[in-house]
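Here is a short tour of one protein model, written for someone who likes to check each step against the coordinates. Have the viewer open and follow along.

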Amino acid sequence: MTKFVAFVLGVALIGGSLIAGQSKNTIAGKWTVTIEGAVQGHHFPPIDLEVEQDGKNITANFVIPDHGDLPMVGEFVDGKLSLRSTEDGYMQISLNGKLAENGTMSGNVKGQMIGDMPWTAKRAS
């Protein structure tokens, strides 16, 4: 019986470690992004970011209220995210940041229309 309990605990620990390690290697899913700052006195509403990941390659979509979708591409390597809007996007921006230990992301977003502003993101619930 003691060996069985030790076995079950060992499997749980290994499984938990694999899941925790996997979450550090992927940012796929839906995120809620907050851009800190304002343009011409207007603050940004929370923005949904939908992320698909294939290895280090990222395709994403900013779902911007009242403006539509903004497709983005980039990479996620060693906990660091680098995205840029695609050429067919109505606005050209780049977004750089990193994944924190607590599962949130933060960094800077740059664009001709908005300048350079900090952003934070958490997984959408």
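## Order of the elements

Reading along the sequence, this predicted model follows the pattern α-β-β-β-β-β-β-β-β-β-β. In other words, the protein chain holds one helix and ten strands.

The protein chain has 125 residues, and buried residues make up 28% of them. Turning to contacts with a separation of 6 or more, 28% of these join residues 24 or more positions apart.

## The barrel

Eight of the strands build a closed barrel, which runs 1-4-5-6-7-8-9-10 with antiparallel pairing. On average, neighbouring strands of this sheet are turned by 30° against each other, direction ignored.

Strand 4 pairs with strand 5 in the antiparallel sense over seven bridges, and here glutamate 50 stands opposite asparagine 61 of strand 5. Strand 5 in turn pairs with strand 6, again antiparallel, over eight bridges. On that side, asparagine 61 stands opposite proline 71 in strand 6.

## Turns and positive phi angles

Two hairpins are worth a look in your viewer. The hairpin of strand 4 and strand 5 has two residues between the strands, and glycine 55 takes a positive phi near 65° there. Strand 5 and strand 6 form a hairpin with three residues between them, and aspartate 66 in its turn has a positive phi of about 65°.

Aspartate 78 also has a positive phi, about 55°, although it is not a glycine. For context, most residues other than glycine have a negative phi. Aspartate 78 is found in the loop between strand 6 (68-77) and strand 7 (80-85). Is aspartate 78 buried or exposed? Its relative accessibility is 74%, and because the cut-off for exposed is over 50%, aspartate 78 counts as exposed.

Valine 51 lies in strand 4 (residues 47-54). At 7% relative accessibility it falls under the 20% limit, so valine 51 counts as buried.

Which residues does valine 51 touch, leaving aside those up to four places away in sequence? They are Ile27, Ala28, Gly29, Trp31, Ile58, Thr59 and Ala60. As for phenylalanine 62, valine 51 is eleven residues from it in sequence and 8.9 Å from it in space, C-alpha to C-alpha.

## The largest pocket

How much space lies in the largest pocket? The value is about 410 Å³. Its lining consists of 18 residues, and Phe44, Ile64, His67, Met91 and Ile114 lie nearest the centre of the pocket.

By residue class, the lining of the largest pocket divides into 14 nonpolar, three polar and one charged. Strand 3 (42-43) and strand 5 (57-64) each supply at least two residues of this lining.

Conventions: Residues numbered from 1 in each chain as written. Predicted model: local features only at pLDDT ≥ 70, side-chain atom pairs only at ≥ 80, totals over all residues. Heavy atoms only, no water. 1 Å grid on protein atoms, 1.4 Å probe; cavity = no way out; pocket = protein on both sides within 12 Å on 5 of 7 lines; lining within 4 Å. Points joined across faces, edges and corners; volume = space filled by probe spheres on them. Helix = DSSP H or I, 4+ residues; strand = E, 2+ residues; numbered from the N terminus. Nonpolar A, V, L, I, M, F, W, Y, C, P; charged D, E, K, R; others polar. Pairing = 2+ DSSP bridges. Axes fitted to C-alpha atoms, helices over the stretch in contact; angles between N-to-C directions. Buried < 20%, exposed > 50% of the residue type's maximum accessible area, 1.4 Å probe, protein only. Contact = heavy atoms within 4.5 Å.
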